[in-house]
Every structure is written in C-alpha cells, then in structure tokens.
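Here's a quick briefing for anyone opening this structure for the first time. Have a look at the model below, then read on.

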Number of protein chains: 2
Amino acid sequence: MSSVAKKTVGTGAPETGSTSQATAERIPAAQRRELILEAATGVFAERGYAGSTTDQVAKAAGISQPYVVRMFGTKETLFLEALDRAQGKLLRAFREVIAAYDAGELTEELQHLDPAVGNGRPEQLKQLMAIAYADLVEDRGILMMLMQAFVAGHEPAIGARAREGFLDIYRLVRDEAGLSPETSRDFLAQGMLMNTLIGIRLPEVYEQDETAEELLECTLRSKLPMVLKASKAQRRAG
Amino acid sequence: MSSVAKKTVGTGAPETGSTSQATAERIPAAQRRELILEAATGVFAERGYAGSTTDQVAKAAGISQPYVVRMFGTKETLFLEALDRAQGKLLRAFREVIAAYDAGELTEELQHLDPAVGNGRPEQLKQLMAIAYADLVEDRGILMMLMQAFVAGHEPAIGARAREGFLDIYRLVRDEAGLSPETSRDFLAQGMLMNTLIGIRLPEVYEQDETAEELLECTLRSKLPMVLKASKAQRRAG
DNA sequence: GGATGTTGTAATCGAATGATTACTTAAAAC
DNA sequence: GTTTTAAGTAATCATTCGATTACAACATCC
C-alpha cells in the first residue's frame, strides 16, 4: 500500500530556476495516475461525487487541477475509475480469503471464529470475509467510495456501474464462497450497516454515547478496536 | 398524503393583470412550507445534498427559488428540516405498528408472517416493522432522504443530525419493540440493504438481470411487487 | 546540442448556484 | 375605501467549479 502522496512543496522540493514556480516532482504518468486515483478515492469517499471538486483531488494528490482533468478527461470518468479501483480491491480481498481458506492456510484464524455460527465452508467463509471487509476500513476510503457510488444512482453512468458492481459482489459471495442467496443477503446487509455506521461517523462518538457504543460493539465485534483506531487517525489527518 | 404539488402555470392559473407574470397560487406560509419540504425530500433523495440546487426544489414545489431560500434561510437548513420530517415519518410508522400490535389489531397480518422466524413479540414485531419500512418506499423518497443524510456526514451539522437520528431509530427498535441488540442490528442491516438496492435502482433492471431478480426477491419478499410498481411509477414521473 | 515528446502549471472562461435586494400584488384589517 | 400585512417574483451579484488554452521545463533520442 503505497500511501505516500508526496507534497513536493516541502523542503527539498525541486525549485525551478529563477521564478518561484512550485512544480510537482516529475514521475511517469502511470504512477501519477495511481496517486491521483488514491487521492480521488479519499476525497470522493468523504464528500461524495457532487460534493467533491477536481481541485480538492488535485490538492490531495499534490498537483494542479488542470492536470487531473487532462489525465482523466472529466470528473465523471475520474469517479468511475476510482470506483472500479475500489471495487477491484474489495473483490480481490474476498478472493484472497477464499483462496487462502481452500488452501488450508487459515487454521489459525479459524480458532477465533464464533463456533456457534456453524462449521461448514459457507459459514466459516462468511465470517472470514466479514473480517476482511472490516479490515478494508483502514484502507483510506475504499468502503465509503463504494457507498457514495451506491447513492449516486441519479448519474446514469455511475448508477449503471454501481449496479453492476453490487451484483458482481453478490455473485462472488454466492458462487465463489458458496453462500445461499439468503446467507448472501444477510452478509451484504451487514456490510451495508457497517458502511452506514462509518458514514455517519459513529466511531467518533463512541466514548460519549452509550447507545453508539453498544451498536458499534454489536456490529463490529473483534474489529471494533481497529476501526476506532482508524477513526482517530483519520480525525488527526483532518 | 397530500401529494398535490400544484404547478400553477397550467390552465386557470391566476394571471396577474397586464404583464405576463406567472405567480404561484397564494396559500398560507405554513402550508407552502410543507409543500416545499415534500418537494425538497424528493429532490434531495434523488440527488443528495451537494447535488441538489435550491432551484430544483423550487421548480418541484412550483414556486420561485428566492422564496425557497427566504423561507428556510439556507439550503442546509432546508435539508435538515426535510431530514427531520423524513425521520419523523419513519419513527411514526414504526410506533404505529407497535401500538397496533399491542392493541391486538393485527391478527389478520399475523397470519401472513413467516412462522419459522418465531412467535414472540420481538420476532413478530421485527417482521411487521420490516413490512412497514418497505411500505415507505412508496412515499416519495423518505428512505433515500435518510440514506443521503447518512453519507453526508462530512457536513458537520448534517452528520450530527444523522447520527442522532440513526441512534433514535436503534433505540426505538430496541426499547419500544423490545428487540435484542443483535436482533436490532440485523433489522437495521436489512433496512440498509434495502436502501442500497433502491439507491442503485436495482428494481429498474429486475426484468433484464437474473441476479438482480434473485437478490430483490430474496430481500423484499412479499413487498417486491409493490416496490416494482413504485419504481415504474417513479420512472414515468421522470 | 538541437529536436521532440512528456510532465506539469498559470491564467482564464463560461456556466451554475446560493443568496440578496427591490418590487408587485392579493388578501386582510380597520 | 384605504391601509397594512403577507405571499410571491424578477433581477442580479459574488463565488465556485469544470474545463480549455497556452505555455514552461525536463528528459530522451539522434
């Protein structure tokens, strides 16, 4: 996870000749692309599609606004590519869990699962994927990026992609993890609840509100400390 | 449900004297307020807070943009009041179900519940409230209005209200309906999944996509036909 | 060492938008 | 019937934002 996002204006920035022209470090377009997408994910995740500006993305990526626009053409394209990237990360995370489980590499993790839920492959995979999902909260904005796409259905292109993406996830859970439609539904529902709790920033009032505490503990279980830590870290980052 | 939203520009509109000045029908401010809030709910539900304009709300309410702004002060206040109204409707719908159940007025409806889920008060109330929740899909945008608030946590005032509102709903389900924290969580999770499926407009591809069909049937059950009908009606309305 | 392509920015433009101001007119009060 | 108040709009303003244009500087190739 290359979470650098170098702001070249700091010390040692390559000052250009005589005029004070702060230019970003020159790096290959492909790498810059990935940095912009990472920055865009964070911005879109926090403020949504309509609420974000290309300039905010540019600032977060440490470059100028016109460069962002020129590299992606339009704000919509930028959003769609960030969405694809986020969805790809989610699908990959799930597939890695499934592959590791089937390869018998998770005997350690299996000890910590709730045995009351069941010992079949679908039941255990459901729990393992839920943990993998919660782990993604750490990775800056992946989940909220998806959530923002889900409520931006008004934009035709985004709505279409969001539908496709959601169905992709459903099919993965059902066909590759082998969950029944009903279990898949419940799995997705838990994920949407987690997204919502993150969206309303419930972890920020964890210590001040008893109800929030109960709901968060009940929903996140063993992953709560990690989420609380991530919440605090993000608040410090602004 | 007074779903009038009269556009006075039609026939019989009160033409003002000599100059062609299309003025909306004069009605008391309190009533106009409610019409604006209803219109705002629809607009915000579809496009989100940042994606909506006061002019879109004004057009939907059949009045001029300055009047909207003058009546509510700012767009943010308008959003917050529409949010309060939507949340109030949801809480009222749940409380009505609980009251009717406790008064023994739902013997008919109880026959149609899934008996496998359980016959205790919490189990039956959970199912009845889920039906009441799905019923709200019909009422133009209540659910998506809430959903949009949940992802607008970046706006401090909206985030705070959304947190409070969500916790209110949780407490109602837990304390007034008597669900355990875990059952409450599952109930809310199902609701968030429903919101998401509506948000990505999955009903619109029900007939073209087998996976969408399965997921929708599995999630909405007996309420699916009603939701599909509402979806078609909303598409016709544009 | 000049030509060329790549990486990047400054400046700016037009459209959109929330808000303000100054009116107009219908209805109520007296 | 005149005054007053409440309901509503047209016009406009200052910002903001996505996009475009034109240009600057660095690297690479011959």
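Start with a pair in chain B: the side chains of B:Lys232 and B:Glu207 meet in a salt bridge, with N and O 3.4 Å apart. B:Lys232 sits in helix α11 (residues 224-237) of chain B, while B:Glu207 is in the loop between α9 (181-199) and α10 (210-220), so the pair ties together parts that are 25 residues apart in sequence. Keep in mind that this is a predicted model.

**Salt bridges**

- How exposed are the two partners? B:Lys232 counts as partly exposed at 39% relative accessibility, and B:Glu207 counts as exposed at 59%.
- Over in chain A, salt bridges with shared partners link A:Glu164, A:Asp168 and A:Arg171 into one network.
- Over all chains, a search of the whole structure turns up 32 salt bridges.
- As a bit of background, side chains of opposite charge can pair when their charged atoms come close.
- Another one in chain B joins B:Asp168 to B:Arg171, at 3.1 Å from N to O.
- Both B:Asp168 and B:Arg171 lie in helix α8 (residues 156-176) of chain B, three residues apart, which is about one turn of the helix.
- B:Asp168 is partly exposed, with 30% relative accessibility, and B:Arg171 is partly exposed too, at 22%.
- B:Arg185 pairs with B:Asp186 in a salt bridge, and their closest N and O atoms are 3.1 Å apart.
- Is B:Arg185 buried or exposed? At 12% relative accessibility, B:Arg185 counts as buried, whereas B:Asp186 is partly exposed at 27%.

**Where chain A meets chain B**

- On the chain A side, 44 residues are in contact with 43 residues of chain B.
- In general, the size of an interface is often given as the accessible area lost when the parts come together.
- Here, chain A and chain B bury about 3,900 Å² between them, with 65% of it on carbon and sulfur atoms.
- How many salt bridges are there between chain A and chain B? The count is four.
- A:Glu214 and B:Arg174 meet through their side chains in a salt bridge, 2.8 Å from N to O.
- Between chain A and chain B there are also 16 residue pairs in polar contact, counting pairs with both residues at pLDDT 80 or more.
- Five helices of chain A each supply at least two residues to the side that touches chain B: α1 (29-51), α7 (142-150), α8 (156-176), α9 (181-199) and α10 (210-220).
- α9(A) gives the most to that side of chain A, with twelve residues.
- By class, the residues on the side of chain A that touches chain B split into 21 nonpolar, ten polar and 13 charged.

**Around DNA strand C**

- There are 23 residues around DNA strand C, and A:Glu25, A:Arg26, A:Arg32, A:Ser64 and A:Tyr67 come nearest.
- Sugar and phosphate make up 60% of the atoms of DNA strand C that come within 4 Å of the protein.
- The side chain of A:Tyr67 has an N or O atom 2.8 Å from a phosphate oxygen of DNA strand C.
- The elements giving two or more residues to the surface near DNA strand C are α1 and α3 (65-72) of chain A, along with α3 (65-72) of chain B.
- Which element gives the most to the surface near DNA strand C? That's α3(A), with three residues.

**Around DNA strand D**

- DNA strand D is surrounded by 23 residues, and the closest are B:Glu25, B:Arg32, B:Ser64, B:Tyr67 and B:Arg70.
- Of the atoms of DNA strand D within 4 Å of the protein, 61% belong to sugar or phosphate, and bases supply the rest.
- A side-chain N or O atom of A:Gln65 lies 2.9 Å from a base nitrogen of DNA strand D.
- B:Arg26 also has a side-chain N or O atom 2.9 Å from a base nitrogen of DNA strand D.
- A backbone N or O atom of B:Ile27 is 3.1 Å from a phosphate oxygen of DNA strand D.
- α3(B) supplies the largest share of the surface near DNA strand D, three residues.
- That surface near DNA strand D has nine nonpolar, eight polar and six charged residues.

Conventions. Residues are numbered from 1 along each chain as its sequence is written. Chains are lettered from A and ligands numbered from 1 in the order in which they are written. This is a predicted model: local features need pLDDT of at least 70, side-chain atom pairs count only at pLDDT 80 or more; totals for chains, interfaces and linings use all residues. Side-chain values use heavy atoms; hydrogens and water are left out. Helices (H or I, at least four residues) and strands (E, at least two) are DSSP runs, numbered from the N terminus. Buried means under 20% relative accessible area, exposed over 50%, partly exposed in between (1.4 Å probe, protein chains only). Contact means heavy atoms within 4.5 Å. Buried area is the accessible area (1.4 Å probe) that two parts lose on being put together, summed over both. A polar contact is a pair of N or O atoms within 3.5 Å; within protein, one must be able to donate a hydrogen and the other to accept it, and residues adjacent in sequence count only if both atoms are side-chain atoms. Ala, Val, Leu, Ile, Met, Phe, Trp, Tyr, Cys and Pro count as nonpolar, Asp, Glu, Lys and Arg as charged, and the others, Gly among them, as polar. A residue is near a molecule or strand if one of its heavy atoms lies within 4 Å of it.
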